[in-house]
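This briefing examines a single protein chain, topic by topic. Please keep the sequence and the structure in view while reading.

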Amino acid sequence: MAGSILLSSIAGAAEPITPFASIAALEAVKADAPLVSARALESVQSICKRISDKLASVAYQECASLNLQLSGHHSVDDIPLIVKEYPPLGKRVPQARILLVGGTHGDELAAISIVFKWMHTLEKHHSGLFHWRINPLMNPDGALRQKHRRTNANGVDLNRNFATPGSETDAALEYWRVKTRQNARRYPGPFPLSEPETNWLFEEIRDFNPDVVIAVHAPYSLVDYDAPDRKNAPRQIGHLYKNLMGTYPGSLGNYAGVHLGVPVVTLELPHAGIMPTQRQISRLWTDLVRWLVLNT
Ligand SMILES: [Zn+2]
């Protein structure tokens, strides 16, 4: 059973769109699925193994049953960057396209695990209301190493590596030197988009053209919101309350929210290494979807 689901899931990766809402649907199309390369199979299997070895709250089968796809992009350490799409269903036109990103900082493990929990919610309940594209783990190099860390394998803070206004004058490097006193955890990289992980997200945003980006972090216990007009900022999402932080040179919120005008909702969970309760996980999701319904 497990093997067949995994096989069909990788077969789906070869197609541009996989309109599967459930395992049952996956099984139904399995017979027609094309053969897949052993390398592709190995890649998704092995990253699920590594994720489940690292994250106590994500079991191997929980990852492997998700029909995750290879994006074709890899981290600095050559780990595949994985995606999951919940596409339009039938004739229903989605209200909006939503890009959900977890694990930008490798030491915020709860911000990865919770995205897996929400993907399983979508497995059961995806209705086509929104078109979702999900990257549960943007920074596998930081998260999956023995001693996980914030930055990628090049020591770059991916949330400071985007091309934001002032890039041409090295604003991010200048900010890092002067304001953070060269804090190694916040190194923006030698130049904007120097890292494969940020290049991947840059292309995702360009190609998927989301109406809203949701980024999950920890441990500041708040909801942040970057957009040209911040009056629609969520006041409360689950147990997290609005607390608008500044924008930083090179951050995703600055790039997408301010520069591109695509609102970015940032959820900062209270703990990097402790998962919210089941009830909190559910409430975060329902509040998030409710906000999306009202604001897209
Ligand atoms: Zn973070």
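Strand β2, which spans residues 80–86, is mostly covered, since 6 of its 7 residues are buried. The model discussed here is a predicted one.

- The strands β1 and β2 form a hairpin with 5 residues between them. In the turn of this hairpin, aspartate 78 has a positive phi of about 70°.
- Lysine 84 has isoleucine 134 of β4 as its bridge partner.

**Strand β6 and its partner**

- Strand β6 (222–226) is mostly covered as well, with 4 of its 5 residues buried.
- Between β6 and strand β9, which covers residues 264–268, there are 5 bridges, and the two strands run antiparallel.
- Aspartate 226 has valine 264 of β9 as its bridge partner.

**The nonpolar core**

- How many residues does the largest nonpolar core have? This core has 67 residues.
- The residues with the most contacts inside the core are Leu100, Val115, Val213, Ile214, Val216 and Leu267.
- Helix α5, residues 110–125, provides the largest share of this core, namely 8 residues.
- Valine 213 is in contact with Leu99, Val101, Ala256, Val262 and Val264, when its neighbours within four places in sequence are left aside.

- Helix α5 has 16 residues. The distance from its first C-alpha to its last is 22 Å, close to the 22 Å expected at 1.5 Å a residue.
- The buried residues of α5 are Ala110, Ala111, Ile112, Ser113, Ile114, Val115, Phe116, Trp118 and Met119.
- In helix α7, which covers residues 171–178, the buried residues are Ala172, Leu173 and Trp176. These residues lie on the same side of α7, because they cover an arc of only 100° around the axis.

**Proline residues in loops**

- Proline 234 is placed in the loop between β6 (222–226) and β7 (236–237).
- Is proline 234 buried or exposed? Proline 234 counts as buried because it has 21 C-beta neighbours inside 10 Å, where the cut-off for a buried residue is 20 or more.
- Leaving aside neighbours within four places in sequence, the contacts of proline 234 are Val223, Tyr225, Lys242, Val265 and Trp291.
- Proline 234 and leucine 288 are separated by 54 residues in sequence, and their C-alpha atoms are 8.6 Å apart in space.
- Proline 219 lies in another setting, the loop between β5 (212–217) and β6. The peptide bond that leads from alanine 218 to proline 219 is cis, with omega near 15°.

**The loop between α7 and α8**

- Arginine 181 is located in the loop between α7 and α8 (196–208). Although arginine 181 is not a glycine, it has a positive phi of about 50°.
- Arginine 181 is exposed, because there are 8 other C-beta atoms within 10 Å.
- Glutamine 182 is found in the loop between α7 and α8. Glutamine 182 has a positive phi of about 60°, although it is not a glycine.
- Glutamine 182 is exposed, because it has 11 other C-beta atoms within 10 Å.

**The chain as a whole**

- The chain contains 10 helices and 9 strands.
- Of its 296 residues, 45% count as buried.
- Among contacts between residues at least 6 apart in sequence, 74% join residues at least 24 apart.

**Confidence of the prediction**

- The mean pLDDT of the chain is 88, and 86% of the residues reach 70 or more.

Terms used
Residues are numbered from 1 along each chain as its sequence is written. This is a predicted model: local features need pLDDT of at least 70, side-chain atom pairs count only at pLDDT 80 or more; totals for chains, interfaces and linings use all residues. A nonpolar core is a set of buried Ala, Val, Leu, Ile, Met, Phe, Trp, Tyr and Cys residues joined through C-beta atoms within 7 Å. A residue is buried if 20 or more other C-beta atoms lie within 10 Å of its own, exposed if 12 or fewer, and partly exposed in between; C-beta atoms are placed from the backbone. Two residues are in contact if their C-beta atoms, placed from the backbone, lie within 7 Å. The arc is that of the directions from the helix axis to the C-beta atoms. The expected span of a helix is 1.5 Å times one less than its number of residues. pLDDT is the predictor's confidence in each residue, from 0 to 100. Two strands pair if DSSP finds at least two bridges between them.
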